[in-house]
Amino acid sequence: MFGLETDIFILLAFSILAACAFEFVNGFHDTANAVATVIYTNSLKPNVAVIWSGFMNFCGVFLGGIAVAMGIVNLLPVELLIDQNVYHSAAMVFSLLFSAIIWNLGTWYFGLPSSSSHTLIGSILGVGLAFTFMPENTQGAGVNWTKAQELFTSLLTSPIFGFALAIIIMFILRRMLSKPLREVVFSEPKKNQPPPLWIRAILITTCTLVSFFHGSNDGQKGVGLVMLILIGIVPAHFALDNSIDPAGMKTDLAGIERAVSTIDSSRLSVSDRQHLYTIKSEIDTLNQQISKPLVDKKLPLEDRMDARRSLLLISRNLKTILDNGHANLNVEDKAFLKMQSGSETGIRRYTDYAPDWVILMISLSLGLGTMVGWKRIVVTIGEKIGKQHLTYAQGASAELVAASTIGVSSYLGLPVSTTHVLSSGIAGSMVASKGVKNLQGGTIRNIVIAWVLTLPVTMLLSGTLYVFFRWIL
């Protein structure tokens, strides 16, 4: 494979297998987010619900785009962490994989609806921070803090939003439905008896939507994880999308160079002047690379990682200058540079991609994982958050909240915790029914503790493992 030495091939194969294991665990860890409500309202038999959810998770990964995946990749400036020693890249991969799997399995064992999103992001941040403070690091921060801030905001606010929105939906249902309908919708399911057909259809639809959007968000994190592995261990083959002719960069770079040349540097801050200098310098470097003869419309293997580094530096520095708002650009140039710094049609199209086989592999891993190991957390979701049995209205409201929140987040390219959004939605629906006293304090406390501890624990674990693996490899 790619002419790799045997030991490198084994490292790569083991890393990809571990990434699939993480996504498999993610599948059975998060299954409850979609199937708990249809199971506890007798809308679907457990086996049918889990298989259907697994299929829709598969579809969500395969059809959901790669915006969330690239958010994960860009959180860790992998182009800084890797060097000529491929074992250093393996240290990065193993540490974040092992810490994520250990925490996911631990919380699953105790039946805690912990977030796979928090787990993976915490593991990545731990590696980046450990690299930042290593004596041999002369290249700067090992974490893209701008991207980290976006992800933190998304992860922290989504459960609060889910809790509040569920209360609002329950309130609207009580006000809008007639008394006969309210009595049906807000009643608890009868034992082993399915709900009326129209309620069943609504609950199955919301289950389907949550499953699909879970795949499009959580599954994409697995795609991003595999891309980190491929870029880290075999950068020559995966640093750039080799299906695109690099000669096309010439037009993009010429447009960027023309637009930034109109900026009056005297109006910029000292840091923005440095950003502008970096952009111009990296454009010159890239122009030299793509001016060489290209074989099969591809850059030479030894140039691809440097080209990736230059493209990302141009993109990130452009974004920083535009966000700071001091550049004297006309509307057209500002729109063009904004497109180049962040759009799939700009220069990031050469770096932000995932091969179809990666998406298919993660789709299968998540879908198969969804079909096993689901019962522990289903019980927590269905029985232990509130003191009453889930009513039809509570199940539908919680899943509608989860589906809409995750769907919007996936569209924006932001990861959210499916677990926490749905758990908070169920908690909100319970509060809307009978107040805060309707919550089981012990379960809520455990969920909050897992939510609070996931990031620091996984950061510490992955950082420690990274230092250890760098020492032995």
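Analyst: Happy to. Let us begin with helix H10: 27 of its 37 residues are buried, so H10 is largely enclosed by the rest of the structure. Buried here means under 20% relative accessible area, exposed means over 50%, and partly exposed is in between (1.4 Å probe, protein chains only). Please keep in mind that this is a predicted model, where local features need pLDDT of at least 70 and side-chain atom pairs count only at pLDDT 80 or more, while totals for chains, interfaces and linings use all residues. Residues are numbered from 1 along each chain as its sequence is written, and side-chain values use heavy atoms, with hydrogens and water left out.

H10 covers residues 197-233 and reaches 53 Å from its first C-alpha to its last, close to the 54 Å expected at 1.5 Å a residue. Helices are DSSP runs (H or I, at least four residues), numbered from the N terminus, and strands are runs of E of at least two. The expected span is 1.5 Å times one less than the number of residues. Along the way, H10 bends by about 30 degrees at Gly 215; that bend is the angle between axes fitted to the seven residues ending there and the seven starting there.

The C-alpha atoms of Phe 213 and Gly 407 are separated by 5.5 Å, although the two are 194 residues apart in sequence. Gly 407 belongs to helix H18, residues 392-412, and counts as buried because its relative accessibility is 15%.

For contrast, turn to helix H3, residues 46-63. H3 has 18 residues and reaches 25 Å from its first C-alpha to its last, close to the 26 Å expected at 1.5 Å a residue. Its buried residues include Ala 49, Ser 53, Met 56 and Gly 60. Just after H3, Gly 65 takes a positive phi of about 80 degrees.

H3 and helix H16 (356-370) each supply at least two residues of a nonpolar surface patch. The patch is about 780 Å², and among its members are Ile 51, Phe 62, Leu 364 and Met 371. Such patches are made of residues with over 30% relative accessible area and no salt bridge; nonpolar side chains (Val, Leu, Ile, Met, Phe, Trp, Tyr) are joined within 5 Å, and like charges within 9 Å. A salt bridge is a side-chain nitrogen of Lys or Arg within 4 Å of a carboxyl oxygen of Asp or Glu. Accessible areas come from the Shrake-Rupley method with a 1.4 Å probe; for residues, only the protein chains shown count as cover. Met 371 lies in the loop between H16 and helix H17 (375-384), and is partly exposed at 34%.
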